[in-house]
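Biologist: I have this one open now and would like to talk it through with you. Could we take a few spots in turn and then step back to the whole chain?

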Amino acid sequence: PADGRDVDMLVRNADAAMYHAKKVGRNNFQFYSAEMNAEAAKRLAMETALRRAVEQQDLHLHYQPQVNLQTGKLVGAEVLLRWQSEQWGNVSPAEFVPMLEDTGMITQVGEWILRQACATYLEWSERLPDKFMMAVNLSGRQFKGGTLAGFIRRLLDETGMPAAHLELEITESMLMDDTELATITLAELSAMNISLAIDDFGTGYSSLSYLKQFPLNVLKIDSSFVRDVTSDKDDAAIVGAIMAMSNSLGLKVVAEGVETAEQRQYLLRHDCRLAQGFLFSKAVDKDKFSTLIDQATLI
């Protein structure tokens, strides 16, 4: 009775409990409490504002440099979505990207990100290093329906973006959700000469079988392992195992979240050549990244 005395209120409060369950990590259950109403109201208001931001193209992109650990030179950029709301300020992607996923807006936004990333690469291309990679995160929803490869093929044709300079980042869970569709889609993308990367490697399924099954090129070591790699023997062992496995499979490795010179030296000693993190630069807007391009090194 405390959860609602009529159908509408019961369903509304169940909805609040469901969103709370999602917020605390999914794959769990939560009982409704009155405090959730305020949270649900905020989510509804934020979702409405986000929908307006998508319609008015008020979202923007930042770029985080990827560097050669040995030389400190720029070798690529990860494209990251940002939202600055008038009401809530800079909203964390961890908060608004799941909303884009849940509402289905991520498909439209994902296509916009890819278009902007290609246009930006072409704008900078004459100033970029020869093997510069523009890395874009894909959403699980973009995989559904089997239209992703066709869209990207048309995009490359329309823009003239060189496929060899585009890298698409996917998560382990996306590969496992629909293995058959993932196999077909990744094979099509790989045939276009697009680089394929596994993001946040080690935090999901980490099944060795898919490293053979799918045409992957890059593993990105999650920052949670890099953070304590110089002081935690378990993290050091995981990073060492990832490096050994990647080398034997001929995969490139990018370490995420590198913040100290000690982490950089450790990774270098273990044959990791590429990284991104605050040691080199946080994610910056297009104008600031443009100035980084002309720097000899980023450290």
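Biologist: Let me start with D271: is that residue buried, partly exposed or exposed?

Modeller: Bear in mind that this is a predicted model. D271 counts as partly exposed, because its relative accessibility is 42%, and exposed would require over 50%.

Biologist: Where is D271 found?

Modeller: D271 is in the loop that runs between α12 (261-269) and β9 (274-275). Its phi is near 70°, which is a positive value in a residue other than glycine.

Biologist: Now Q57, what is its phi like?

Modeller: Q57 has a positive phi of about 55°, although it is not a glycine. Q57 is found in the loop between α2 (35-55) and β1 (60-68), and with 57% relative accessibility it counts as exposed.

Biologist: Switching to serines, why does S290 count as buried?

Modeller: S290 has 18% relative accessibility, so it counts as buried, the cut-off being under 20%. S290 sits in helix α13, which covers residues 286-293, and, leaving aside residues up to four places away in sequence, it touches W124 and R127.

Biologist: And S173, which helix is that in?

Modeller: S173 lies in helix α7, residues 172-177, and at 35% relative accessibility it counts as partly exposed. The C-alpha atoms of S173 and L155 are separated by 26 Å, with the two residues 18 apart along the chain.

Biologist: What about the second largest pocket, how much space lies in it?

Modeller: The second largest pocket holds about 300 Å³ of space. Its lining is made up of 17 residues, and those nearest the centre are V75, K131, M133, E167 and K252.

Biologist: How does that lining split by class?

Modeller: The lining of the second largest pocket has nine nonpolar residues, together with four polar and four charged ones.

Biologist: Stepping back, how many helices and strands does the protein have?

Modeller: The protein has 13 helices and nine strands, and its C-alpha trace spans about 65 × 50 × 40 Å along the principal axes. Among contacts with a separation of 6 or more, 66% are between residues 24 or more positions apart.

Biologist: Why does the radius of gyration agree with a compact globule?

Modeller: The protein has a radius of gyration of 21 Å, and this agrees because a compact globule of 299 residues would be near 19 Å. Of those 299 residues, 45% count as buried, while the protein exposes about 15200 Å², with carbon and sulfur atoms supplying 50% of that area.

Notes
Residues numbered from 1 in each chain as written. Predicted model: local features only at pLDDT ≥ 70, side-chain atom pairs only at ≥ 80, totals over all residues. Heavy atoms only, no water. 1 Å grid on protein atoms, 1.4 Å probe; cavity = no way out; pocket = protein on both sides within 12 Å on 5 of 7 lines; lining within 4 Å. Points joined across faces, edges and corners; volume = space filled by probe spheres on them. Nonpolar A, V, L, I, M, F, W, Y, C, P; charged D, E, K, R; others polar. Helix = DSSP H or I, 4+ residues; strand = E, 2+ residues; numbered from the N terminus. Rg over C-alpha atoms; globule rule 2.2 N^0.38 Å. Buried < 20%, exposed > 50% of the residue type's maximum accessible area, 1.4 Å probe, protein only. Contact = heavy atoms within 4.5 Å. Areas by Shrake-Rupley, 256 points an atom, 1.4 Å probe, with all protein chains shown as cover.
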